[in-house]
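Hi,

Here is the structure I promised to pass on. Have a look at it first, and then read my notes below.

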Amino acid sequence: MAAPMKTSVFTAFKCFRRFSVYFNATRIRKGFILTKYFNKPHLFGFENEESLFKKNKTFCTETGTVKKCWKCGRPVNRSKHVFFCDCDIILEPESTLDYFQLLSTKTSFTQDLVKLNETYKNLQKQLHPDKFSQKSEMERHLSEKQSSLVNKAYNTLKHPMSRGLYMLKLYGEGLQEGEIQIDPDFLMEILEINETLAQTNDKTIILEIGQTNHKHMTGLMYILSQAFDNADIPQAKSILAQLKYFANIHDKVENMKMEYGWGID
């Protein structure tokens, strides 16, 4: 059984080399070259993507919605008072606000996840149901709803795949199974890489696969950010359809690192 293993691993590494050639040769519509971004592994952690991207594009979303506080009855501008009224009472979740507005971050694929995490933690300190254990039944109920919504928003925006899919949703679009045609050779190479991961517990091989996969994800994320900045939704869909395969490899590598006690990114 050892010989097939070596063949599979060798084939997987050949696949990654072919991917590298493909991505290094890829140019975006306006001539952006991906190679110079590949040797920045910290970007794959998505904790400092800010330096990669220059353009920002915001969506036309409803702002300035005025509703009355359920407790004191005074008018409340929900774009400014998202969680609490001036009377310090917790408010009903506002349906007109998207996840980016909820977490006070720009509506962009490019996100500073360190800042996003800080915002999330600060909000949960204010909204967590434990803070409302001695409050009225209504306040406890609203605390649970607001806390749950913030948690959902954060978990959506902190991952590139779910963040991209959510941005498609804001454009009134989605990514349906089979909607984007994927090159059969690409799918075969992804299959071979997954088979290698399933057959080996060699730390060197697993980490090398993970590191190479990071580079490809970084390249795809750069193209995806440009696509959203330019409101090029067909391009965004195409990149997301590819990104999900690399995201799956990333998750498998991270799970293996945790299983074998190697730590995770």
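This is a predicted model: local features need pLDDT of at least 70, side-chain atom pairs count only at pLDDT 80 or more; totals for chains, interfaces and linings use all residues.

**The overall layout**

Stepping back, the protein chain has eight helices and two strands. Reading from the N terminus, the order is α-β-β-α-α-α-α-α-α-α. The chain has 265 residues, and 43% of them are buried. If you take the contacts between residues at least 6 apart in sequence, 67% of these join residues at least 24 apart.

I checked the length of α6 against what a helix should give. With 16 residues at 1.5 Å a residue, α6 should span 22 Å, and the C-alpha atoms at its ends are 23 Å apart, so the two agree. At the start of α6, the backbone nitrogen of Asp185 has a side-chain oxygen of Asp183 within 2.8 Å. Which residues of α6 are buried? They are Phe186, Glu189, Ile190, Glu192, Ile193, Asn194, Thr196 and Leu197.

The same check works for α7. Its 27 residues should span 39 Å at 1.5 Å a residue, and its end C-alpha atoms are 38 Å apart, which agrees. Because 21 of those 27 residues are buried, α7 is largely enclosed by the rest of the structure. At the start of α7, a side-chain oxygen of Asp202 comes to within 2.9 Å of the backbone nitrogen of Thr204. Just after α7, Ala231 has a positive phi of about 55°.

**Where α4 meets α5**

How do α4 and α5 lie relative to each other, roughly parallel or roughly perpendicular? Their axes come within 6 Å and cross at roughly 105°. An angle of 65 to 115 degrees counts as roughly perpendicular, and therefore α4 and α5 are roughly perpendicular to each other. On the α4 side the contact is made by Asn155, Thr156 and Leu157, and on the α5 side by Ser162, Arg163 and Tyr166.

Still in α4, have a look at Ser143. Ser143 is buried, with a relative accessible area of 0%. Not counting residues up to four places away in sequence, Ser143 touches Ile90, Leu127, His128, Pro129 and Phe132.

**Some residues in the loops**

Asp88 sits in the loop between β2 (75–77) and α2. Asp88 is not a glycine, yet it has a positive phi of about 75°. Is Asp88 buried or exposed? Its relative accessible area is 64%, so Asp88 is exposed.

Ser104 is another one to look at, this time in the loop between α2 and α3. Ser104 has a positive phi of about 55°, although it is not a glycine. Ser104 is exposed, with a relative accessible area of 61%.

Thr107 also lies in the loop between α2 and α3. Thr107 is buried, with a relative accessible area of 9%, and the cut-off for buried is under 20%. Thr107 and Met167 are 60 residues apart in sequence, but 8.3 Å apart in space from C-alpha to C-alpha.

**One more pair**

Finally, find Lys125 in helix α3. Lys125 is exposed, with a relative accessible area of 58%. From Lys125 to Ser147 there are 22 residues in sequence and 9.4 Å in space, C-alpha to C-alpha.

Cheers

Conventions: Residues are numbered from 1 along each chain as its sequence is written. Side-chain values use heavy atoms; hydrogens and water are left out. Helices (H or I, at least four residues) and strands (E, at least two) are DSSP runs, numbered from the N terminus. The expected span of a helix is 1.5 Å times one less than its number of residues. Buried means under 20% relative accessible area, exposed over 50%, partly exposed in between (1.4 Å probe, protein chains only). A polar contact is a pair of N or O atoms within 3.5 Å; within protein, one must be able to donate a hydrogen and the other to accept it, and residues adjacent in sequence count only if both atoms are side-chain atoms. Axes are lines fitted to C-alpha atoms, for helices over the stretch in contact, and angles run from 0 to 180 degrees between N-to-C directions. Angles under 35 degrees count as roughly parallel, over 145 as roughly antiparallel, 65 to 115 as roughly perpendicular and the rest as oblique. Contact means heavy atoms within 4.5 Å.
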